[in-house]
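Welcome! Take a moment to look over the sequence and the model, and then let us walk through them together.

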Amino acid sequence: MLKLYNTLTRQVEEFQPLNPPQVKMYSCGPTVYGYAHLGHYRSYTFVDTLKRVLLYNCFQVKQVMNLTDVGHLTEYDVEEQMKKRGAKGTVWEIAEFYSQDFFAAMGKLNILKPNIVCKASDHI
């Protein structure tokens, strides 16, 4: 039996998924216009730990993570990021560069990749 602290009721309760043994979880991903830092990876490490606990307890976990890619970038952001990289490119190239860096770092931290990674720009 898996027990978790419920912040709504402020009590430790038995975890009961809506459709056992399946558990669906959503986690926010990075905004990919710059390098992620330790503070960012702290939250991804927590989500990974929770996912592994659920898997260990024989739940089937389907995790979705979003990437906030280009909808938030301004012309100023693009120019600043291109200066930092010493190159020219589009907002799409900036987002792809930092997305690849993010997932490479996640791999080095041995964080399980989500089942589904969706870009915000694909869904708005």
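Predicted model: local features only at pLDDT ≥ 70, side-chain atom pairs only at ≥ 80, totals over all residues.

Let us begin with the whole chain. It holds three helices and five strands, and reading along the sequence gives the pattern β-β-β-α-β-α-α-β. Of its 124 residues, 29% count as buried. Contacts also reach across the sequence: among those between residues at least 6 apart, 69% join residues at least 24 apart.

Now find strand β3, residues 22–27, and strand β4, residues 60–67. These two run parallel and are joined by six bridges.

With 19 residues at 1.5 Å a residue, α1 should span 27 Å, and its end C-alpha atoms are 26 Å apart, which agrees. Which residues of α1 are buried? They are Y41, Y44, V47, D48, K51 and L54. Looking down the axis of α1, you would see these buried residues fall within an arc of 135 degrees, so they line one face of the helix. Their cover includes β3, β4 and helix α3, residues 91–108. On the face turned away from the buried side, α1 carries the exposed residues L38, R42 and Y56. After α1 comes C58, which has a positive phi near 70 degrees.

A disulfide is a covalent bond between the sulfur atoms of two cysteines. Taking a disulfide to be a pair of cysteine sulfur atoms within 2.5 Å, the count here comes to zero. Is C28 buried or exposed? C28 has a relative accessibility of 52%, so it counts as exposed. For C118 the relative accessible area is 18%, and therefore C118 is buried.

Next, turn to helix α3 and find S99 within it. S99 counts as buried because its relative accessibility is 7%. If you leave aside the neighbours within four places in sequence, S99 is in contact with V32 and L67.

Where does D69 lie? D69 sits in the loop between β4 and helix α2, residues 75–85. With a relative accessible area of 3%, D69 is buried. Setting aside its neighbours within four places in sequence, D69 is in contact with V32, W92, A95, K119, A120 and S121. D69 and I94 are 25 residues apart along the chain, and their C-alpha atoms are separated by 8.7 Å.

Conventions. Residues numbered from 1 in each chain as written. Heavy atoms only, no water. Pairing = 2+ DSSP bridges. Helix = DSSP H or I, 4+ residues; strand = E, 2+ residues; numbered from the N terminus. Expected span 1.5 Å × (residues − 1). Buried < 20%, exposed > 50% of the residue type's maximum accessible area, 1.4 Å probe, protein only. Arc of directions from axis to C-beta. Contact = heavy atoms within 4.5 Å.
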